[in-house]
Amino acid sequence: MNNQIQKMTHWRWAICGLLFMSITINYLDRQVLSLTWEEFIKPEFHWNDSIYGRITGFFSLAYAISLLFAGRFIDWIGTKKGFLWAIGVWSFGACLHAVCGVYTEWWVGLSSAVELAKATGDAAVVIATVSMWSFLVARSVLALGEAGNFPAAIKVTAEYFPKKDRAFATSIFNAGASVGALGAPLCIPPLAKAFGWEMAFIIIGLLGFVWMGFWIFMYDKPEKFLEKGKWVNQAELDYIEQDKLLEPIPVSLEEKKMPFWKCFTFKQTWAFAFGKFMTDGVWWFFLFWTPSYLSNQFGIKTTEGLGMGLIFTLYAITTLLSLVGGKLPTIFINRTGINPYAARMRAMLIFAFFPLCVLLAQPLAYHFEPSLGRSVAWIPVLLISIGCAAHQSWSANIFSTVGDMFPKVAIASITGIGGMAGGLGSYFIQNAAGRLFDHAELTQMNFMGFAGKPAGYFIMFCFCAMAYLIGWMVMKSLVPKYKPITDY
């Protein structure tokens, strides 16, 4: 046995690396808009916060609706083909953003971005409206493809890892979200500044097509690789399938398809969905609005060194801390012997307290601003980074609860349903944020000693800080103990 362990192949980690790269590309594609709109796109198309909030919110809504069907599509067509379709569509959608400016020029009868930016009055309103709708179309295509990413990735994780390792494996590939957001401020603003915002969308979008080539040659189910005598040996397959010895499932049940409507009859589905609904929007709020927050609150642009340094630091901290969070349930399991679900819920409760530090972001920034000047932005960024790291740790574990509870044939479907709920939550948050910021600025609204836009940001930070504890309490009330689905 020891000899087998020593010679075990480790192809599952190569697959995990591929998933990591897909998530990284996914988040690079998402970030192009947030890192270019304030400085490049906003003045060209005469946008305001409400328009930007509408676009990011619509993306979330389209993503949510697509997720409802994407998971089922992945379960039906298979992981390999499903992932190829997903990344192909979203890469095309990413590149499609570059056409929005050309389409707007054609529609309004102008010949350059300079003429668009100089327009006033009714012409500026038309430009803002036409450009907004063209971006909505491009974001819809992006959302349609990206909806297949996480259902496919979670299904692959269940195929290649035993339950005790899934949260850690998920935290590794999910760290691609932080790495994508980490690399985005270092490459996207310079690309936009050097070649125009359109080329930033195209260059980043092309990365997905490169990834597809690696996926075609590197992925298959582990048992098929074993049959081919390629990359996966018996020792690794035994390790991957160790849960079958602990919780034997009849072969007939493993192969039995779960009717889609049946997915909605389980409390486990609703627990996962509510946890996603409450927390996904928090991550997307910080992803989409932090560059704008730095610009509006502190006058820091993403193209300057300080702006790039702040965004880079935020996601560097998020990446490093989130990996620790993914390992925590494994530590609980090894030390106490509790089941994976109980270990994950214990870890998620711990992570739910960390976002509370975001409550201090605005008060501390304004307290120290007179003495620190623009450097005071480091305080809220460091606090937000702790909240984001907690989210990624939470996310790795909540995704893994699906594999704990449901058979492999239903994992992508359940992940899609939960993702839909998360997208809906994000839709409400993005729209609320855009409208709130415009209203706060227009009326100079007061809240807890803050006035104008700072008051709007503080309100949003309060919600973000509390969302995880609310989500955890509802999840725990719906599924208080480990109860896998064995009869459907």
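Mentor: Happy to. Side chains of opposite charge can pair when their charged atoms come close. Here the count is eleven salt bridges, each being a side-chain nitrogen of Lys or Arg within 4 Å of a carboxyl oxygen of Asp or Glu. Keep in mind that this is a predicted model, where local features need pLDDT of at least 70, side-chain atom pairs count only at pLDDT 80 or more, and totals for chains, interfaces and linings use all residues. Residues are numbered from 1 along each chain as its sequence is written, and side-chain values use heavy atoms, with hydrogens and water left out.

Trainee: What is the partner of glutamate 146, and how far apart are the closest N and O atoms?

Mentor: Glutamate 146 pairs with arginine 30, at 2.6 Å between the closest N and O atoms. This pair links distant parts of the chain: glutamate 146 sits in helix α7 (residues 121-146) and arginine 30 in helix α2 (residues 11-45), 116 residues apart. Helices (H or I, at least four residues) and strands (E, at least two) are DSSP runs, numbered from the N terminus.

Trainee: Are glutamate 146 and arginine 30 buried or exposed?

Mentor: Here's how to read that: buried means under 20% relative accessible area, exposed over 50%, and partly exposed in between (1.4 Å probe, protein chains only). Glutamate 146 has 0%, so it is buried. Arginine 30 is buried too, with a relative accessible area of 0%.

Trainee: Now the backbone. What should I look for in phi?

Mentor: Most residues other than glycine have a negative phi, and most peptide bonds are trans. Tryptophan 231 is not a glycine, yet its phi is positive, about 70°. You'll find tryptophan 231 in the loop between α11 (222-228) and α12 (234-240), partly exposed at 35%. Methionine 448, also not a glycine, has a positive phi of about 50°.

Trainee: Where is methionine 448 placed?

Mentor: In the loop between β1 (446-447) and β2 (450-451). With 62% relative accessibility, methionine 448 counts as exposed.

Trainee: Let's zoom out. How many helices and strands does the protein have?

Mentor: There are 22 helices and two strands. The radius of gyration is 23 Å, close to the 23 Å that the globule rule gives for 488 residues, so the protein is as compact as a globular protein of that length. That radius is taken over C-alpha atoms, and the rule is 2.2 Å times the number of residues to the power 0.38. Along the principal axes, the C-alpha atoms fill a box of roughly 75 × 45 × 40 Å.

Trainee: What share of the 488 residues is buried?

Mentor: Buried residues make up 58%. As for contacts (heavy atoms within 4.5 Å), of those with a separation of 6 or more, 83% come from residues 24 or more positions apart.
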